[in-house]
Every structure is written in structure tokens, then in C-alpha cells.
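Biologist: Could you walk me through this structure and tell me what stands behind each label you use?
Modeller: Gladly, let us look at it together.

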Number of protein chains: 2
Amino acid sequence: LRVPEELRTFLLKEKAFFIATHVNPEGDALGSSIALAMALESIGKEVLLYDRDPVPHSYRFLPGHEKFKNYYSPSLVSRIPLILLDCNEIERAGLADLKIPCSAVIDHHETLRAFGDIKWIMPHAAATGMMVYWLIKEIEVPLTRDMAINIYTAIANDTGTFRYSNTSSEVLRICAELIDSGVPPGMVSECLYETWSAGRFKLMTDVFQTLDVRGDVAMIHATEEMFRRTGTSASDTENFSNFPRMINEIRISVFFRKIKDGWKISLRSKGDANVAEIAALFNGGGHRNAAGYKITADDINSAKDELIKALTEKGLLHSRQ
Amino acid sequence: LRVPEELRTFLLKEKAFFIATHVNPEGDALGSSIALAMALESIGKEVLLYDRDPVPHSYRFLPGHEKFKNYYSPSLVSRIPLILLDCNEIERAGLADLKIPCSAVIDHHETLRAFGDIKWIMPHAAATGMMVYWLIKEIEVPLTRDMAINIYTAIANDTGTFRYSNTSSEVLRICAELIDSGVPPGMVSECLYETWSAGRFKLMTDVFQTLDVRGDVAMIHATEEMFRRTGTSASDTENFSNFPRMINEIRISVFFRKIKDGWKISLRSKGDANVAEIAALFNGGGHRNAAGYKITADDINSAKDELIKALTEKGLLHSRQ
């Protein structure tokens, strides 16, 4: 049994839940939250599904995405147990001042925090979607096609559609079952990877031209001018940080995105290089192979210099022979 | 039973085989051929593995790739049965004038040809690697880690690592078994997608800048000058044709690569658009969603014009609203 007995009891006992996930939600946050909401509703629970930010357009193919609200009633929520998904601190959900009777956390992120009366945190789970799948089996809710599409998308999102090293045989067996439950894998991939605007494609081309390779670290960046010229915005840069990983000798790829008073930095690594450690130095967070932080540097060069210094100090930048 | 009895008998009866696959081999051609060679060797058969072209550097992670020879002895081969894999006409293997005693074809391509004494052609198989997996089970050869890596790579290659619509639950279940047999999925994906040279990344950036959208068709091209400037060659453009598919409204994406006396054109489509039909008009071939041909046009504009004319006539180009 993977699901803690305490969590199972909590879900079956309570009558209503306030389900929240992190700000700027992606496939795993959205898919796992919607699937859990559907499962709980199917056994007669009332569910409020909340994210501070709207569901990005590219994820509006998810059945049930319209359940998400971007507001909540503090007085109502103060009487309903919270389930926090795909993150483990309430600040990540933009809910810092929330008053709640009790809370459960379901998450697969490494950075452990103190929040949550019931904590189910599995850093080895490929996605929070895997945990919701196990949970649905455990509470014996029949898996519908709509739940399956949400869970499949969650897992696809966090395994790079089965490309990352967290792709276990269990990941593929669960996703095989989800396909048998009605998921069209080609459609999900099209929605995840092939719904770019032409402007986004042009933005990517511009961003790629900024490629700056230092040893086994590759950096690219997006300026406000690029966003203006291509008619794009921050959400159009999702996944950009992964692209320089394509280059053979690169172990760490970095994407700098200009924000109001500085830069938002996304780090991706191959193999052992732990970029969560680097992000933590700048008060950021994430996983071993995917992490991020923000800094208030003026120009791109000082933003890069600070990172290069940290990478060098941690022994994560290697000169090429 | 999916494997024809005739083929099974043939494989078990004959003592030696000449296994050949198509020129410019990719993951499915290489992986399925090597796995079949290993399986036959494990039951005491002698195998000659042939491709006209060398195994591309990016596939030299495949265990057993060194079995491939780029030459053969006509007198020896004239006495050994041929197995043609991942193509169904002998010209595709660069073997037009070969004298052979008998032949079997194992392939999943749609364009049926007359070649082969024994023909096992399954257009619905996601990859020739799937067929080799079934064959190995059928002749009861124990699946080794080395065979598994080759078959996994073959299937990953032809399903876009489980992104295309040919990703069935059976594809995922077989690949789950292959992972249990020792395949490291992250390593295979890194080898397939993250072994680009920095020059190749720069070539891609140059090529993307040529983006030319007409209705729901997107075209990009690579000139000889781009290859020179980035220190790259034709093999560095593998998969480029897929990228414009990322754009939402695009149903067909096209990559033109300059060759000696014209252009080599690769077509990729989403959904129902049958690009094999277009390629056939120019004496090319392929699948419904991935096909190609060559033309002897002088400049890129006349090459594009001919294609646009054909697409328009076949009703495959739609203006955007």
C-alpha cells in the first residue's frame, strides 16, 4: 500500500475539500488536481478547485479544466479541509494567509517543508499524477476516460512524454492502462507540444540565437524586446529551458527570462548534476534535474555572471577539453 | 499468432541469413535489424548484417551496431537467404542487382511492392521493431538486455518516443517489458535527442529563420551555405521536418534540404492529411504522416511552388480564416 492509511481515512471521512495547486500551473499540477477532484466528486464529495492563475490556453483540452476557479470565499474555505497538490508549501499556491481547519499534502517534489497535517510526499514518483492514480485505485473509484486523460497528461508532462530517466516500466504500464481507458496519446502530445502560435515559434528562433556555451553549461535568454516583436508573453517560453540540453556536451541548460525587476532563471540538467542545489542558493527550488529562481540583476551579463560563479563554486561547470 | 507460419519455418530451417535494411538507416531500421541478428545468432544461425551506409554516429550507442558491414561478397550472398527489414523493395537497400536464392520481407511501410518470397508487412505496426519483438517471442528466444535496447530504440524512433498517434497501449506494455529487461529509457532518449553538436543547434536556428507559412502548411529549408557556415552536413538535419508541426494551425510541415542537383523534401503531417500521396506524385514514398521525395529544381522558390501546386490540387492546403 502506497497511500498512507491516514490520508485514505481523511478522504473518505470528510465531506468537502478545497483542492489547490501551485501558481503558474503546468500539466502535472492541472491534470492531477482535476483527476483527484473528479474522483472525489464521484464518491459524493464536494470539491472546490483553485489556482491563483488561469488555466493556460494550451491546457484547456483537459476535460474538467473549467472546474478551476481563480477566487475563493475565505469564510467558506475556513471551514473546509485543504488538499495541496504538486507543491508542499502553501505560499507556492499563493495562499499564504489562508485560514483552514486542516490540510493534506500530495506531492513528489524534493524540497520538504513543514506544511501539512497529513503529508504524502514521494520524491521518487515520476509525477503527482502517478500518486493520484494510486490513490484512485486505493479508494476504489472507477477510472473514467476524463480522469485518465488528466492523469496521462500529468505523467506525460513530468516525464517529457516518457523521455526522462524517471520513465519507469510502471510509468509505461499505468499509461498503457490509461490508453485502454480511452486516452488518445497522439492528441495529448499534439496538445502539449504542437499548439504553438507562429509568434512563439519566432520567439524561440530569436531566443536560440542568444545561445552562449560555457564549458558544459548552455545559456539562452529572452528579452522584453523579443516578446514585443513576436507578440508573445512569458507563458510562451514554457519548455524553452530544455532545448539547449539537445547539445551533446551540455550537462546544464539555462533559460533567462526578463521580468519586471530582474530575471527569472530556469535550470535543466542531465544525469547527476543537481540544479535544485543551485536554485536554493538564490532562494529558489525544484527537482534535481529541473529547478528555478529569480534575481534582481540589471542586465543579462550580471545575471549570467552570478550563476556562473555559483556553478563554478559548486563544481558544476566543467571546461571542455 | 501474428508471425506468418511460413516465416517462422524459414527462420528456423535456414542456417545463415543476409539481413539488409534501407540506405540512410534510422533508429527503427538499425534497432530492428540488430535485434533480429542477435536473436538468430542466439539460436545458432550465421548472420551477415548489411547497410549501404555507415551507422550514423548518433546511433553508435546501440549494442551490436558494429555487426553492420557496408560491403558484402556477391558470391557468398548469392548462396544465403535475404531478410529485408524496414523496407519492402530491394532498391531501398541499395541492392538492386543482387542475386539471392530466396528472400523474406519484414516491414511496416504502407507502399506495398512485389518483392519478397515471404512477405510479412504490417502497416499498422508502430515500428518494424514491434514486429521483431513479436518474432523473438514467437521463436522463443530469451530477450537479452542488448536486444531490448535495440528494440526499444526502434519503437521510440518511430513513435516519436510515444508522442505520435501510433502509440498504442501495446506499444507501452512492450516497452515496459523492455525496461524491465534492462533498457535505461533516459539514456536512450538522450542518445536520440540530446547528442546534437553545437553546430547542429546553430544550423537549426538558421533553418527556423526560413519559416514560410502558407495556410496550414509550414515550410523551412537548409541551403549549402548554412551547412558550410555551421560546419554541419545532411545527417544533422534529421527530425528538422518535425519542428514546424509545433505550430498550432499547421497540418503539414515541410523541410527542403539542398542536394547536389536539386532539393530533398521531407513532409510531416498531423491527423488525416496523407503526405505519402503527395510524395508518390514526385516518385517518392513513405507513410501517411511522414513521407519524402526529391526534385531537380534550381532554386527554393520553384521547389516550393511545385509542392504548393500539388498540395492545392490534392486539397491538402487550406487557407486560414
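**Labels and the values behind them**

Modeller: Let me begin with a loop: B:Glu140 sits between helix 4 (128-138) and helix 5 (145-158) of chain B. Please keep in mind that this is a predicted model.

Biologist: What makes B:Glu140 exposed?
Modeller: Its relative accessible area is 69%, and the label exposed calls for over 50%, so B:Glu140 qualifies. This residue also has a positive phi of about 60°, although it is not a glycine. Most residues other than glycine have a negative phi.

Biologist: Where is A:Asn283, and why is it called exposed?
Modeller: A:Asn283 belongs to the loop between helix 10 (275-281) and strand 11 (285-286) of chain A. Its relative accessible area of 76% is set against the cut-off of over 50%, so A:Asn283 is exposed. Here too phi is positive, about 65°, and the residue is not a glycine.

Biologist: Which residues does B:Phe243 touch?
Modeller: Leaving out residues up to four places away in sequence, B:Phe243 touches A:Phe201, A:Phe243, B:Trp196, B:Met204 and B:Phe208. As for B:Arg268, it is 25 residues from B:Phe243 in sequence, with 9.4 Å between their C-alpha atoms.

Biologist: How do you know that the two copies are related as by a two-fold rotation axis?
Modeller: A rotation of 180°, with 0.0 Å of shift along its axis, superposes chain A on chain B with an RMSD of 0.0 Å. The copies are therefore related as by a two-fold axis. The same surface serves both copies, as 100% of the contact residues of chain A recur in chain B.

Biologist: How many residues does the contact take, and what area is buried?
Modeller: Chain A gives 43 residues and chain B gives 43 residues. Between them the chains bury about 3,800 Å², with 61% of it on carbon and sulfur atoms. On the chain A side, A:Arg163, A:Phe201 and A:Met246 lose the most area to chain B, together 21% of what that side buries.

Biologist: What makes A:Glu194 and B:Arg245 a salt bridge?
Modeller: Their side chains meet at 3.1 Å, N to O, and the rule asks for within 4 Å, so the pair counts. The rule finds four salt bridges across the interface of chain A and chain B. Helix 6 (169-180), helix 7 (185-193) and helix 8 (198-208) of chain A each supply at least two residues of the side that touches chain B. Helix 6 of chain A gives the most, with eight residues.

Biologist: Why does the pair B:Lys13 and B:Glu14 count as a salt bridge?
Modeller: The closest N and O atoms are 3.7 Å apart, and the limit is within 4 Å, so this pair passes. B:Lys13 is exposed, with a relative accessible area of 58%.

Biologist: Which parts of the chain does the salt bridge of A:Asp212 and A:Lys304 link?
Modeller: These side chains meet at 2.9 Å, N to O. The pair links distant parts of the chain, with A:Asp212 in strand 7 (residues 212-214) and A:Lys304 in helix 11 (residues 300-313) of chain A, 92 residues apart. Both A:Asp212 and A:Lys304 are buried.

Biologist: What makes strand 10 of chain A largely enclosed?
Modeller: Seven of the eight residues of strand 10 (residues 262-269) of chain A are buried, so the rest of the structure largely encloses this strand. Strand 10 pairs antiparallel with strand 9 (residues 252-259) of chain A over eight bridges, and the two form a hairpin with two residues between them. Six bridges join strand 10 to strand 12 (residues 290-295) of chain A, also antiparallel.

Biologist: Why are strand 7 and strand 11 of chain B said to stand at the edges?
Modeller: In chain B, an open sheet of six strands has the order 7-8-9-10-12-11, with mixed pairing. Strand 7 (212-214) and strand 11 (285-286) each have a single partner strand, so one side of each is left without a neighbour in the sheet.

Conventions:
Residues numbered from 1 in each chain as written. Chains lettered and ligands numbered in written order. Predicted model: local features only at pLDDT ≥ 70, side-chain atom pairs only at ≥ 80, totals over all residues. Heavy atoms only, no water. Buried < 20%, exposed > 50% of the residue type's maximum accessible area, 1.4 Å probe, protein only. Helix = DSSP H or I, 4+ residues; strand = E, 2+ residues; numbered from the N terminus. Pairing = 2+ DSSP bridges. Least-squares fit on C-alpha atoms with pLDDT ≥ 70 in both. Contact = heavy atoms within 4.5 Å. Buried area = accessible area lost by both parts, 1.4 Å probe.
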